[in-house]
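Student: I would like to learn how to read the aromatic rings and the packing around them in a protein model. Could we go through one example together, step by step?

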Amino acid sequence: VMTAARSSDKPMRLVPIDDQNRAAVLALQVRRDQIQLVAPNSKSLRQASQDPSLVPFAFLEGDLVVGFAMYQRRRDGSAYIWRVMIGDAYQGQGLGRRLMELLMEELRGEGFREFMISHRPQNRVAAILFESFGFFEEDFEADGEVIRRLHLPPESGPAGLGE
Ligand SMILES: CC(C)(COP(=O)(O)OP(=O)(O)OC[C@H]1O[C@@H](n2cnc3c(N)ncnc32)[C@H](O)[C@@H]1OP(=O)(O)O)[C@@H](O)C(=O)NCCC(=O)NCCS
C-alpha cells in the first residue's frame, strides 16, 4: 500500500548534532498554530548541552535538515522521547512518520525496551502518529501533558529464531 508518496527518493537519516547541521536545526520552525505544542529547538539544544542524559538528533533528507528529535536516557533504563518535530515547510509528506521509524530503530538498536513519549492532549496528529507505533497507555502529568508508554518484549537473539 502506497502512502504519503514522496517526490524525492533521497536517503533519510538521523544524525548527531554537529557544526554542519546545528544552524539548520536552529532555523527549523513549526507552524504558528503549533508553537505551543513543542519547545523551540534552541531550548532543546540548550537543555541537551546542560544535561548529558539528553540525546538530540538532526533528521536529514539527503543533505537537507528537515526535522529534529531528542530523547532522554532515564536511570530506570527507559528512553523518554521529549521532542519530535518536522519543519513547517516539510510537514504532511510522511517525514514525521519516517522520523519516528528511524528514532525507534535507533533506540531499539541501543537496547531500549521501555519507551515514553508525551504530547499536549489537543495534539491529535501526534496522538495518532504515536499510537500507530504502539504508544497506547496514557498517564497525565500535572501540567496536563499526555504521557504514553510502550513496552517491547525482550528481543530473542538469532539463536531463538526458528525454534
Ligand atoms: C507531529 C509532526 C512531527 C508530524 O510530522 P509530519 O511530517 O507532518 O507527519 P507525516 O506527514 O509523517 O504524517 C504523520 C501522520 O499524521 C497525519 N497528519 C499529518 N498532518 C496532519 C494534519 N494536519 N491533520 C491530520 N492528520 C495529519 C498523516 O496523515 C499521517 O498519518 P498516516 O501516516 O497514517 O497517513 C509535525 O506535525 C510537527 O512537527 N508538529 C509540531 C511539533 C509536535 O507536535 N511534535 C509532537 C509533540 S513533541
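Student: Are Phe 57 and Tyr 71 buried or exposed?

Tutor: Both Phe 57 and Tyr 71 are buried, where buried means under 20% relative accessible area, exposed over 50% and partly exposed in between, with a 1.4 Å probe and protein chains only. This is a predicted model, in which local features need pLDDT of at least 70 and side-chain atom pairs count only at pLDDT 80 or more, while totals for chains, interfaces and linings use all residues. Residues are numbered from 1 along each chain as its sequence is written, and side-chain values use heavy atoms, with hydrogens and water left out.

Student: How many aromatic pairs does a search of the whole structure find?

Tutor: A pair of aromatic rings is described by the distance of the centres and the angle of the planes. Rings of Phe, Tyr and Trp (its six-membered ring) pair if their centres lie within 6.5 Å, and planes under 30 degrees apart count as stacked, over 60 as edge-to-face and the rest as tilted. The search finds two such pairs in the whole structure. In one of them, the ring centres of Phe 57 and Tyr 71 are 6.2 Å apart and the planes stand at 20°, so this pair is stacked. Because Phe 57 lies in strand β2 (residues 54–61) and Tyr 71 in strand β3 (residues 64–73), the pair ties together parts that are 14 residues apart in sequence; helices (H or I, at least four residues) and strands (E, at least two) are DSSP runs, numbered from the N terminus.

Student: Which kind of pair do Tyr 71 and Phe 112 form?

Tutor: Tyr 71 and Phe 112 are edge-to-face, with 5.8 Å from centre to centre and 80° between the planes. Phe 112 sits in the loop between α3 (95–109) and β5 (114–119), 41 residues from Tyr 71, so this pair links distant parts of the chain. Phe 112 has 7% relative accessibility and therefore counts as buried, and ring pairs link Phe 57, Tyr 71 and Phe 112 into a cluster.

Student: Which residues have the most contacts inside the largest nonpolar core?

Tutor: A nonpolar core is a set of buried Ala, Val, Leu, Ile, Met, Phe, Trp, Tyr and Cys residues joined through side-chain atoms within 4.5 Å. The largest one here has 27 residues, and those with the most contacts inside it are Phe 59, Tyr 71, Ile 81, Met 100 and Phe 135. Helix α3 gives the most to this core, with seven residues.
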